[in-house]
Amino acid sequence: MTGFGKGEVVFQNTKKITVEIRTLNSKQLDLNLRMPAIYRGAEYDVRSMLTRRVQRGKTDVFISVESQQVSTPAHINCELFREYLRQMNTALASANLEASYDTILPIVMRMPEVVSSEQEAISEEELKALMQAVEEACDRLDSFREQEGAILIADLLKRIDLIEEYKEAVVPFEEQRATTIKNRIQEHLNQLQVEVDQSRLEQEMIYYIEKLDITEEKVRLKNHCKYFREVAAGEEGIGRKLGFIAQELGREINTMGSKANETNIQILVVKMKDELEKIKEQVLNIL
């Protein structure tokens, strides 16, 4: 499900830890985590929390840390710097060469071990602050998703109502269809100018019309729509179940279409299929 959540925690008035979570629709959890190297030791805990809270979706997580005071992990070895500079000047003098400090300094700074980077140790308190920021971001993501989910559910139920309306609109055309089929068969027989057994003809007509009967499909479609509403209203983690119900709705609608044999019914079936496709697309956005 699409969503966004952001959490911020200030640690000891020296660092601000920021966590941003962005999710897009996906059937599985696809987690992409970007965090400073200083927090790599906590990556497993962070991923575990995100997996448990996010559950599904293409998820991008960005963790950043902003220092509230001037500091740097880089360290210049002044004694080594002076020794490299002395040797450089000696070498230039022995070769009768002159060079400005603008030329020499970049070379000296790149010499081995002049500049070193020390990894800052992370305290347990700072790791707790990091996890607090992650949890805060997850809470806000859940809140965002709940708001969007309520809108999606309302839209889905509206489309279920439309499918049932189209189903009810089929009834008058279904009754008219039987008469139309009988008249068409009788007209073709009259054109052949042959004698037929009326009793046998009635039996064949009844058998043919029963094969086109869609009463069972309408009953099952009604029950599926009822179950869809029940699941949408009273359960958690309903996305997959609603997807399965939508598949069953599709089977009944397709069967109605194959048995339609009437233009107006086929038009209504197409409208039902259109609403069902929109339902299937939206269900993918629900956990």
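Predicted model: local features only at pLDDT ≥ 70, side-chain atom pairs only at ≥ 80, totals over all residues.
**Entry 1: surface and overall layout**

I began with the surface: the accessible area of the protein comes to about 17900 Å², and 51% of that belongs to carbon and sulfur atoms. Accessible areas here come from the Shrake-Rupley method with a 1.4 Å probe, and for residues only the protein chains shown count as cover. Residues are numbered from 1 along each chain as its sequence is written, and side-chain values use heavy atoms, with hydrogens and water left out.

Next I looked up the secondary structure and found eight helices and six strands. Helices (H or I, at least four residues) and strands (E, at least two) are DSSP runs, numbered from the N terminus. Along the sequence I read the pattern β-β-β-α-β-β-α-α-β-α-α-α-α-α.

I then checked burial, and 34% of the 287 residues count as buried. Buried means under 20% relative accessible area, exposed over 50%, and partly exposed in between (1.4 Å probe, protein chains only). For contacts (heavy atoms within 4.5 Å), I took the pairs at least 6 apart in sequence: 78% of them join residues at least 24 apart.

**Entry 2: the cores**

Which residues have the most contacts inside the largest nonpolar core? I found Leu156, Ile163, Phe228, Leu242, Met272 and Ile279, in a core of 29 residues. Helix H4 (124–192), helix H6 (215–234), helix H7 (239–259) and helix H8 (263–283) are the elements that give two or more residues to this core. By a nonpolar core I mean a set of buried Ala, Val, Leu, Ile, Met, Phe, Trp, Tyr and Cys residues joined through side-chain atoms within 4.5 Å.

Apart from its neighbours within four places in sequence, Phe228 is in contact with Leu156, Leu157, Ile160, Leu242, Ile245, Leu249 and Ile279. There is also a second, separate core of 24 residues, and Val9, Tyr39, Met131 and Val134 are among them.

**Entry 3: glutamate 126**

Is glutamate 126 buried or exposed? Glutamate 126, which I found in helix H4, counts as buried at 3% relative accessibility. Leaving out residues up to four places away in sequence, glutamate 126 touches Phe11, Lys15, Ile17 and Tyr39.

The side chain of tyrosine 39 makes a polar contact with the side chain of glutamate 126 at 2.7 Å. A polar contact is a pair of N or O atoms within 3.5 Å; within protein, one must be able to donate a hydrogen and the other to accept it, and residues adjacent in sequence count only if both atoms are side-chain atoms. With lysine 15, glutamate 126 forms a salt bridge whose closest N and O atoms are 3.1 Å apart. Lysine 15 sits in strand E2 (residues 15–24) and glutamate 126 in helix H4, so the pair ties together parts that are 111 residues apart in sequence. Lysine 15 is buried too, with a relative accessible area of 12%.

I counted 24 salt bridges in the structure, each a side-chain nitrogen of Lys or Arg within 4 Å of a carboxyl oxygen of Asp or Glu.

Lysine 16 pairs with glutamate 66, the closest N and O atoms being 3.9 Å apart. This pair links distant parts of the chain, 50 residues apart: lysine 16 is in strand E2 and glutamate 66 in strand E4 (residues 57–67). Lysine 16 is partly exposed at 24% relative accessible area, and glutamate 66 is partly exposed at 43%.

Lysine 259 and glutamate 217 meet through their side chains in a salt bridge of 3.1 Å, N to O. Lysine 259 lies in helix H7 and glutamate 217 in helix H6, so the two tie together parts 42 residues apart in sequence. Glutamate 217 is buried, at 4% relative accessibility. I also noted that Glu216, Glu217, Arg220, Glu252 and Lys259 are linked in a network of salt bridges.

**Entry 4: a loop residue**

Last, I stopped at glutamine 55, in the loop between helix H1 (43–54) and E4. Most residues other than glycine have a negative phi. Glutamine 55 has a positive phi of about 70° although it is not a glycine, and it is partly exposed, with a relative accessible area of 48%.
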